[in-house]
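I open my notebook with the structure on the screen.

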Amino acid sequence: MPNDSLSLYIHIPWCLHKCGYCDFNSHATAANAFPEDDYVTALIADLMLGKDELQGRSVQSIFIGGGTPSLFSAAAISKILNACQQQLNLSSDCEITLETNPGTFEAEKFAGFKLAGVNRLSIGVQSFDPEQLKKLERIHGRDEALHTVRTAQQLGFENINIDLMFALPGQTLAQALDDVAQACALALPHLSYYQLTIEPNTRFHRFPPVIPSLDEAADIQAAAMSAISAAGYTRYEVSAFSKIGAQCRHNLNYWQFGDYLGIGAGAHSKLTVDQESKRFQRVRQPSSYLLAVKEQTQVIQLRTLGSNDLIFEFMLNQLRLRRGFSAADFAQRTHLNWQDIAIQVERLLALGHLEQSEGRYFASEHAYRFLDSLLQEFLVETP
Ligand SMILES: C[S@@+](CC[C@H](N)C(=O)[O-])C[C@H]1O[C@@H](n2cnc3c(N)ncnc32)[C@H](O)[C@@H]1O
Ligand code: SF4
């Protein structure tokens with residue numbers, strides 16, 4: 001990816017049901033009860049304002065995430081992507097992902113997404129077990145998930161990811177491996193495999209289901225990793241697995257600590273201008289966001305990253321990548337000197353927590369399972 005790689009994230013904040021485990025900025029809506037037209041208009045206005053920050057840099061990827069972007073009509077997605085095409089310098093091979101929930105699948109609509117320019121789908125399957133899908137409060141069953149994947153393929157989508165979660169309520173090792181086997185049997189280019197976390201401010205937090213213990217979850221993860229790699233996938237990030245050449249370019253840019261503009265309710269941005277990296281966030285509540293865009297006050301929480309932030313955030317992202325980072329990556333992304341981390345890196349190498357090969361530094365197999373501890377080494381409290 002070129003030095004000035006840049007991504008665009010577009011947030012769609014509505015879902016047909018708020019799943020009990022989810023703490024994303026997503027809000028339940030009845031079908032057709034969300035302000036699609038107003039939101040598209042707001043997104044385009046937001047883009048027009050935000051694009052100045054990009055200074056004409058080439059955009060390598062667009063990710064339309066949520067919430068449930070597949071709730072939106074193909075015409076709405078097309079309008080948004082047309083505006084991107086007109087206002088931004090999109091690379092000719094720009095990866096354009098749309099997050100989809102199988103409970104919103106309609107073949108005609110998805111054909112329209114493809115015509116609009118979407119060339120990658122990320123499908124939230126979570127599990128193939130009908131009982132588990134009910135416990136997770138998903139609005140779809142196993143058959144709808146399979147139908148979504150197969151029909152998307154028939155429509156010509158080649159670049160498809162599915163999201164699966166593990167350590168689910170009451171899940172046994174055998175059940176988790178059955179999910180993995182069914183996912184691998186689809187032979188898709190990409191698989192995301194997340195451990196269910198019980199997040200504050202969710203129904204699962206208020207009424208905790210019984211989930212596998214940490215040891216049981218670790219056993220599930222280890223067995224699942226073996227099965228996924230036996231099926232021909234490479235784990236390139238903590239939760240991301242791909243066939244050759246199918247890594248998610250958009251997420252890779254985050255993990256490489258690249259720049260991105262985020263538009264839409266609550267979206268985050270990180271942009272570097274004149275070697276100074278800044279973070280922004282859009283107003284979070286959809287209704288407040290719509291108002292704020294009208295008044296051009298949607299951009300909030302401006303923060304310039306100091307050297308301690310840069311070091312920590314660089315490591316937080318890059319160490320998630322199995323291949324880690326090089327000295328050149330560090331210099332390019334942080335504009336700091338290697339001396340700023342040399343002592344910590346040497347100590348971690350001596351302890352065997354970091355390894356070095358062909359000019360790259362990456363977590364040892366053991367330390368990769370405990371990245372939070374590894375990161376403590378790079379945490380310096382800013383007074
Ligand atoms: C924004 S959602 C994906 C698209 C769509 N909203 C859906 O759920 O089908 C992103 C993914 O994050 C994962 N996820 C959400 N909440 C999680 C949690 N508490 N623990 C682990 N993974 C979670 C799920 O796999 C989900 O598909
Ligand atoms: S559908 Fe996806 S974004 Fe919406 S509540 Fe469920 S997990 Fe969250």
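I start with a term: two strands pair if DSSP finds at least two bridges between them. I also note that this is a predicted model.

**Entry 1**

I looked up Ser326 first. Its bridge partner is Arg360 in β17. Next I checked how β15 and β17 run. β15 pairs with β17, residues 360-363, in the antiparallel sense over 2 bridges. Two bridges are enough, because strands count as paired from at least two bridges on. Then I traced the whole sheet. It is open, has 3 strands in the order β15-β17-β16, and its pairing is antiparallel. Its edge strands are β15 (325-326) and β16 (354-357), and each pairs on one side only.

**Entry 2: strand β4**

I moved to β4, which covers residues 58-66. Is β4 mostly covered or mostly open? I found 8 of its 9 residues buried. Which strands does β4 pair with? One is β1, residues 6-12, which runs parallel to β4 over 7 bridges. In this pairing, Ile10 stands opposite Ile64 of β4. Another is β5, residues 89-100, also parallel, with 6 bridges to β4. Here Ile62 faces Ile96 of β5 as its opposite number. I then followed the chain from β4 to β5. It passes through helix α2 (residues 74-87), and this β-α-β crossover is right-handed.

**Entry 3: the cores**

I kept Ile62 selected. Which residues does Ile62 contact, apart from neighbours within four places in sequence? They are Leu8, Ile10, Cys84, Cys94 and Ile96. Ile62 also belongs to the largest nonpolar core, which has 78 residues. Leu8, Ile62, Phe166 and Leu191 touch the most other members there. A second core is separate and has 13 residues, including Ile311, Leu319, Phe330 and Ala363.

**Entry 4: ligand 1**

I turned to the ligands. How many residues surround ligand 1? I counted 17, and the closest are Glu99, Asn101, Gly124, Asp163 and Tyr194. I sorted the shell by type and got 7 nonpolar, 7 polar and 3 charged residues. The strands β4, β6 (120-126) and β7 (159-166) each supply at least two residues of this shell.

**Entry 5: ligand 2**

The residues around ligand 2 are Cys15, Lys18, Cys19, Cys22, Phe24, Ser26, Gly66, Gly67, Thr68, Asn101 and Gly124. By type, this shell has 4 nonpolar, 6 polar and 1 charged. Asn101 and Gly124 were already on my list for ligand 1. Gly66 and Gly67 made me check the backbone. A cis peptide bond joins them, with omega about 20 degrees. Gly67 sits in the loop between β4 and α2.

**Entry 6: positive phi**

One is Glu137, with phi about 65 degrees. Glu137 lies in the loop between α4 (130-135) and α5 (142-154). Another is Gln296, with phi about 55 degrees. Its loop runs between α10 (286-295) and β14 (299-304).

How is each one classed for exposure? Glu137 is partly exposed, because 14 other C-beta atoms lie within 10 Å. Gln296 has 10 C-beta neighbours inside 10 Å, so Gln296 counts as exposed. The cut-off for exposed is 12 or fewer.

Conventions:
Residues are numbered from 1 along each chain as its sequence is written. Chains are lettered from A and ligands numbered from 1 in the order in which they are written. This is a predicted model: local features need pLDDT of at least 70, side-chain atom pairs count only at pLDDT 80 or more; totals for chains, interfaces and linings use all residues. Helices (H or I, at least four residues) and strands (E, at least two) are DSSP runs, numbered from the N terminus. A residue is near a molecule or strand if its C-beta atom, placed from the backbone, lies within 6 Å of it. Ala, Val, Leu, Ile, Met, Phe, Trp, Tyr, Cys and Pro count as nonpolar, Asp, Glu, Lys and Arg as charged, and the others, Gly among them, as polar. A residue is buried if 20 or more other C-beta atoms lie within 10 Å of its own, exposed if 12 or fewer, and partly exposed in between; C-beta atoms are placed from the backbone. A crossover is right-handed if, with the strands pointing away from the viewer, the path from the first strand over the helix to the second runs clockwise. A nonpolar core is a set of buried Ala, Val, Leu, Ile, Met, Phe, Trp, Tyr and Cys residues joined through C-beta atoms within 7 Å. Two residues are in contact if their C-beta atoms, placed from the backbone, lie within 7 Å.
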